[in-house]
Amino acid sequence: MNARNTLKINQNGHLEIGGADTVALAEQFGTPLYVMDEQYIRDMCAAYKRAIDEEYGGNGLVLYASKAFSCKAVYRIVQEEGIGVDVVSGGELYTALQAGFPAEKIYVHGNNKLRSELEFSVESGVGAIVVDAYSELDALDEICAEKGVVQDILIRVNPGVEAHTHHFIQTAKTDSKFGFSIADGSAEKIAKYALGKKNLALQGFHSHIGSQIFEMQSFKLAAEKLLTFAAQLRENTGFEAAKLNLGGGFGIWYTDDDAKQSVADYAENLKSLFREVSGLADRKGLRRPYLLVEPGRSIVGEAGITLYTVGAIKDIPGVKKYVAVDGGMFENPRYALYQAKYTAVLANRAAEKPTETVSVAGKCCESGDIVCANVSLPRACSGDILAVLSTGAYNYSMAGNYNRNPVPPVILVKDGRADYIVKPQTYEDIVRNDVIPERLR
Ligand code: LLP
């Protein structure tokens, strides 16, 4: 059912993930429950790494974009698979370092990094900081001067390729808070400015064109824009970029509207992108750059499912049927934010054919609190275990405590074994930082 087929229906007619029966998991750990399949994450990391090794002579590094799913255990898994990570906040950096992740394989992103985050990054000895503002270049140069270090940096540029799933558009003027436009000369201008900074070593450029993209042509076009820019910059300044970071964004299966790709397919796609870069660099007389890619969603997305218990059911004749579960927008805000689509399964009756179309509602006090709309299910009853698939990316990482609901725990399954990687939040955790000042007592 997913790219590695670790999601199955077992002899009891229950949904199984990573060799573990989801009904038993729900019983043991309670619901709502995020479940992550360890082997899936490992296989994706390994496939991406192999693609660089085999197609590009190992002259590059895959960075797991940890905004997709960040906790100590995932950094440990990724480290064991020999790839790097991208972090976008002091919190992600702290978590990675706490897990023992080697700092030199950490790349730091963000369009408005705080001075404290820049200091933390430099002190930690991160591999590179991807700069996205003039003010950041100034602050970073100052920090490095104080500390007597030279920091490797990349600059985020905007190649003018905007991709959305199966489509992409080329724009000369991109309205984005990220990056500096190649087309209007801003990228060259900031690159020259960076080259004048004594305590910063410009290594190259980064671009990220979007997320949930299936069309490899859009990545190839962005790569072409980057290499053309690199060639032009060399001509104008003599500086040749040693590293190019092509960002992340490879799409995953959520519903049958999306392509279902195997782990091997992802690796092949990446290889074809590397081939394109090699060819382009050769044609432009550039040295083949050290290449970075930053997949997040495609490494963890299909590795995860969320388990819920069905509660209230409301059938509004001629309108809609709502099946409410014990989760909601506090643990998966993606429908509320993006009208995201998902596939749902009754985990305890997984072999039954769907008979109706329903909306899965959450328990928050808000009409927009839907987990997924228009999903096909057998007739659900209170007490059924409902699984929503492909929730490994941007679910736990985007969760919050709206309505003071505790964030559900995350368990990691492998070969039928299940362990907490994030423990359940308690009501006590929720009030931990609350203070009643003296004057209110
Ligand atoms: N690199 C950069 C600089 C990024 O901004 C992102 C994602 C990635 C890599 C990883 O992209 P991925 O391979 O995961 O598509 N919350 C949204 C997704 C936001 C993505 C933001 N940047 C969602 O739930 O769909």
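From which domains does the shell around the ligand draw at least three residues each?

Modeller: Before I answer, a word on the source: this is a predicted model, where local features need pLDDT of at least 70, side-chain atom pairs count only at pLDDT 80 or more, and totals for chains, interfaces and linings use all residues. Residues are numbered from 1 along each chain as its sequence is written, and side-chain values use heavy atoms, with hydrogens and water left out.

Now, your shell: it draws at least three residues from each of domain 1 (7–30 + 304–431) and domain 2 (38–300), with bounds that come from an automatic or database domain assignment. There are 18 residues around the ligand, and Ser-211, Glu-294, Arg-297, Arg-334 and Tyr-394 come nearest (a residue is near if one of its heavy atoms lies within 4 Å). Sorted by class, the shell has five nonpolar, seven polar and six charged residues; Ala, Val, Leu, Ile, Met, Phe, Trp, Tyr, Cys and Pro count as nonpolar, Asp, Glu, Lys and Arg as charged, and the others, Gly among them, as polar.

Let's zoom in on some atoms. The side chain of Ser-211 has an N or O atom 2.3 Å from a ligand oxygen. For Arg-334, a side-chain N or O atom is 2.6 Å from an oxygen of the ligand, while Glu-294 has a side-chain N or O atom 2.6 Å from a ligand nitrogen. As for cover, the ligand taken alone exposes 580 Å², and the protein buries 86% of that (areas by the Shrake-Rupley method with a 1.4 Å probe).

Key. A polar contact is a pair of N or O atoms within 3.5 Å; within protein, one must be able to donate a hydrogen and the other to accept it, and residues adjacent in sequence count only if both atoms are side-chain atoms.
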